[in-house]
Each structure stands twice: as structure tokens, then as C-alpha cells.
Amino acid sequence: MKATARSLLVAAAFALASPLSHYAAPALAGHPGLKGHSLDAEGVKAVLLGKRVTIGDTRVVLVIAKSSDVQETFLKSSVAMTTAQFQNHWRRLFMTGGGSAPKIVESEADAAKLAAETPGAVVIGDSATLGDLALLSAP
Amino acid sequence: MSSHPAHLSSSQRPRTATALLAFATLLGLACSASAAVTWNDIQLGGFASQGYLVNTGHNDYLGETSEGTFDFREYALNASWSKGAFRIGAQAFGQKLGDYGDDKIKLDWATVDYQPAQWFGLRAGRVKMPRGLYNEALDIDSVRPFVLLPQSVYDARLRDFNSAFNGGMLFGNISLKSAGSLDYRAFYGDIPMSVTSGASDYFNNDVPFPNTRIGMDAVYGGSLFWNTPKAGLRLGYSYSAFENFGVDRIAYYGGNSIPLLKLTPTHHRHLLSAEYTTGDWIFAIEAGRETARSDVYTGTSAGSVVEFDSDYFYVSAARRINARLELGAYISYSDDLTVLIPAADGLDLPRLEQTDYALSARFDLNDNVLFKLEGHYIDGAGKLFDTLARPQPFAARDDSWFLLAAKVTFSF
């Protein structure tokens, strides 16, 4: 009886853990052409804030979602900004001749789709759903 | 005051303002993206704003504010293109702020960037001047809750003088590993000036003699910002200098007009800055000092010396409450002192102090249109200009007054 109960508990734990792991790993990814490149924490910050404008010889094109929990978490941990503050940072740059503005799309899925089509694109996404994108910074 | 040419067309201004406002609102309703528009790899961005300013009493601060004025608007359109380490771009800009700007479209910035490495870049053309936390973003309403940035550091009347220079700039970001990183900028160039600009009135504020020519040989300086290991905290220092800054003036003494040259070998500007972003809060503090020692020539001989010393600071806080509302507040203080050596009879120059307490609310109506409302209590009137066109002698100013500012901005 005890063994059956333990088995049920373990199964339930796996059942709960499996979907949760789907959302738990924000990562920085890029266009498939950026495969082979990787960024440490400093590099991630430099790329996201526009202080580093190329990866290899390719110009970085940031793609962000208007709203995304994964993106919000990643931005807070990597550059200490909310999505709104991050957009303000970039607006200040591109409106004053200091950088090229990120492309902004509705959702995280749209961002991943656009990144897959845009050479040099860098996007924040769930590591479990990156598809063919290049993983630039592991969670 | 009413004889000033800028006042002649005042009846047309509300119509212009209303048209701009309607245009911006319509564009905002039609546009769904909050970022720049991209067309054939060319990024386009811009904004248009219309504001209203009114204050109690009879001080005229940022235009004819004692009677209320719609002469407070800015608009710009920019385009840029980038490939590899290169980027080119330009922005056209127009404004009306009281007597200044006059809705003339000017080249605001136009640059070529080459940044081969994170630590090294080169920017040339008409370049935004790096000074403090916000000088490069003076008119970007969408990045802050304030209608007016703290005027002790970012005087809106000096925009055409402070915002950009013609020349070149080195810039980059140097990693300090666990100690954070350094952003540096060093520049050299020139600032074209006009006697109809706000800067001309600012540098003519000691004695209201008219300037007939104003200019400098060069402007140079730079900024150094330390992005500290404490997330969201950055500290900086900015310096700029104007070399051989000269003003030709006509002085009136005892019924005679005398041509003068006021020449400043070097006008120094220092500014210390700190900004801390945590959660939905942004805190900032900046404190600066300007000093200049000028020789006044009549003909070829130096007649007297003018010493100028200006100290200023502000402290601000802003908080995003929700997606539609952001609140902010600041205290801004300035103290300008001009001393004539030897002192001239009848020219007793007072200490010009002003403290500004501001409360702001920003409402995001949609992704592209925002509205701001701001109240100021101002103690002192040291920042008013006393010019021939708008005489405001120190003794006749209101020392305690309220200013209301409202502004609607469309941006894309």
C-alpha cells in the first residue's frame, strides 16, 4: 500500500514538474547564422544595451516582444531593467543617433519567428522552444 | 514686452497648436507599433508634441507664461541605416518655445558611426553632446514622466546650444570585469550660434545690452560613466569647455552707444551624475558648476573683467505605477553670480537663485500617445532672462510663483 502511494506521489511530481520545466529557462538566442557564437554575462549585457553592435561580423538586430514573462525575467536578471525601461533605454539611443532600435513584435512566438528570418537577430526566449535558433547564452 | 516680433502672430498659435495636436492624435490612433518603423532596412522614428505653460504672477519664464502660452512644441523625424560596424542617420527637428525656435526646421543630428569593437567607436558629423544623464535625450518625452527636465541642469531655452555640436567623438565601453564597466566619450568640435537663440540671451543676462555677434572657436570635453557592479547604479562625470567664446555687444552709457567685445578664453562646465534604477523606480541626482572669466574690450583695450560662477543641482525620483501611469518629482536649484571688476556705477548685479519643486504625472493613452501634467512651485526668479526684448529687472520679479505645464506627445 505504502509502495503504491509512493509511486503515485512520484508520478504526480513528474507530471507537475514536466510542464513547469517548459517555462523555467529564459535564454538569449539568435538567428541560425549566429550558431557557433556564445556570450557570457558581460557579453549578453553589452549586446542587449547596444554597447556591442556586432557578433562576429554581423550587425546585431534585437527583436523583443511587447510583453513576455520570460523576457521580463531575463531582462531583470541580465540588465536590471523591466521591458518598459529597456524600451526607454533603446528609444533614447536610437532617437539620438546612438543605435539601431529593436524590432518590437506582439508576442514571444512572433519574436522567435522574426528572429529565425532576420540575419543578426538576437531574441530572448524560452530555451525549450528555441527551435532552429542559435543558443547564444545558456540559462 | 508686447512689442516683441514673436508676439505679432499670437492669434494664429492656438490654431497651429490644435492642428498639430489633432494630427498627432490621429496618427496615434492609426499606428499600432510603439517602436521605429522599418522600410527597406531604413529605420524611421519621430515625435510631435504640443504643450501649454502658464504661471501665476507676471514673470515670463519660458515665453509669455504669465498669460499662458501654447508656444511650446517640438517635432522631429529621423532615419538611420546600419550594416556591420557602420551606421548612418540624421534627424530633422523643429520647435517653438516662447521666443525661441520659431518653428524653423533644423538638422538636429546627422552622424556616421564606425564601431569596430565594444571598447572603441568613432562618430562624426552633427553629434549629440554627451553631458550628464539626459542631455542627449532632451526632447524625448516618451522616456520620462517630466514635462520639463530639471531646468538648473537642462535649461530648455538653451536647447539649440546644448544639444549637439559639429565635429567628432570617440566612444566605447570598457569592461572592468567584476567591477562593472566604463562608458567613455571624448569630443571636439564647434557650436554654431545665433543672436536670436536662447543661448545668446543666457550669455547676455548680466547686463541687458544687445548682442550683435556670438560664437566660439571650439567646444571640447567628454564624459565618463561607471556602470557599477550594483545592478542599476551608474555614476558619471562630464566636462565641457568653450574656447575663445566671444560676444560683440553694444553698451549704452549716458546716452552714448559703445561697441564692446566680451571674450572668454575658456568657459568651463563640470557635472557629476548618479542614477539608480531599481524595480519600477528611477532615482537621479546631478550637481554641476560653471566658471568663466571674461575680458571686456572697448576698441583694442581691455576695460574690465567679468567673473561668472554658476552652481546647480537637482534630485529626482520617478515611479512607474502601472502600464498607463508614471509619477515623478524633483527639486532643482541654481545659483548664478556675475561680478564686474571693477564694479561699474549703476550695475549692481544680484545673485540669481531659483529653487524649483516639481510634481509630474504621465498618462500613456496608448502605445504612441502620452499626456503629461506637471505642477511647479518656484522659489526665486533667478533663471528669468532680462533682455531688451523682454525686460524683467531683478527687483521687479515675483519671488514666489506657481507654474503649470501640460503636454501631449505622439511618438513612433
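Hi everyone, let's start with a definition: helices (H or I, at least four residues) and strands (E, at least two) are DSSP runs, numbered from the N terminus. What we have here is a predicted model, so local features need pLDDT of at least 70 and side-chain atom pairs count only at pLDDT 80 or more, while totals for chains, interfaces and linings use all residues. Residues are numbered from 1 along each chain as its sequence is written, and chains are lettered from A and ligands numbered from 1 in the order in which they are written.

Let me begin with one residue, B:F165. You will find B:F165 in strand 7 of chain B, which covers residues 164-175. Is B:F165 buried or exposed? B:F165 is buried, because 26 other C-beta atoms lie within 10 Å. On that scale, 20 or more other C-beta atoms within 10 Å is buried, 12 or fewer is exposed, and in between is partly exposed, with C-beta atoms placed from the backbone.

Leaving out residues up to four places away in sequence, B:F165 touches B:V127, B:M129, B:F187, B:G189, B:D190, B:I191 and B:V219. Contact here means C-beta atoms, placed from the backbone, within 7 Å. B:Y154 is eleven residues from B:F165 in sequence, and their C-alpha atoms are 16 Å apart.

Now to the two chains. Chain B puts 32 residues into the contact, and chain A puts in 26 residues. On the chain B side, the elements giving two or more residues are strand 2 (42-55), strand 3 (72-83), strand 4 (86-97), strand 5 (106-117) and strand 7. Strand 3 of chain B gives the most, with four residues. By type, the chain B side has nine nonpolar, 17 polar and six charged residues. Here Ala, Val, Leu, Ile, Met, Phe, Trp, Tyr, Cys and Pro are nonpolar, Asp, Glu, Lys and Arg are charged, and the others, Gly among them, are polar.

Last stop: strand 11 of chain B, residues 233-253. Two strands pair if DSSP finds at least two bridges between them. Strand 9 of chain B (residues 211-215) pairs with strand 11 in the antiparallel sense over four bridges, and B:N211 sits opposite B:R249. Strand 10 of chain B (residues 218-227) runs antiparallel to strand 11 with ten bridges; B:L224 has B:Y237 as its bridge partner. Their hairpin has five residues between the strands, and B:G232 takes a positive phi near 90°.

Finally, 20 bridges join strand 11 to the antiparallel strand 12 of chain B (residues 256-278), with B:E243 partnered by B:T266. That hairpin has two residues between its strands, and B:G254 in the turn has a positive phi of about 55°. Thanks, everyone!

Notes. Contact = placed C-beta atoms within 7 Å.
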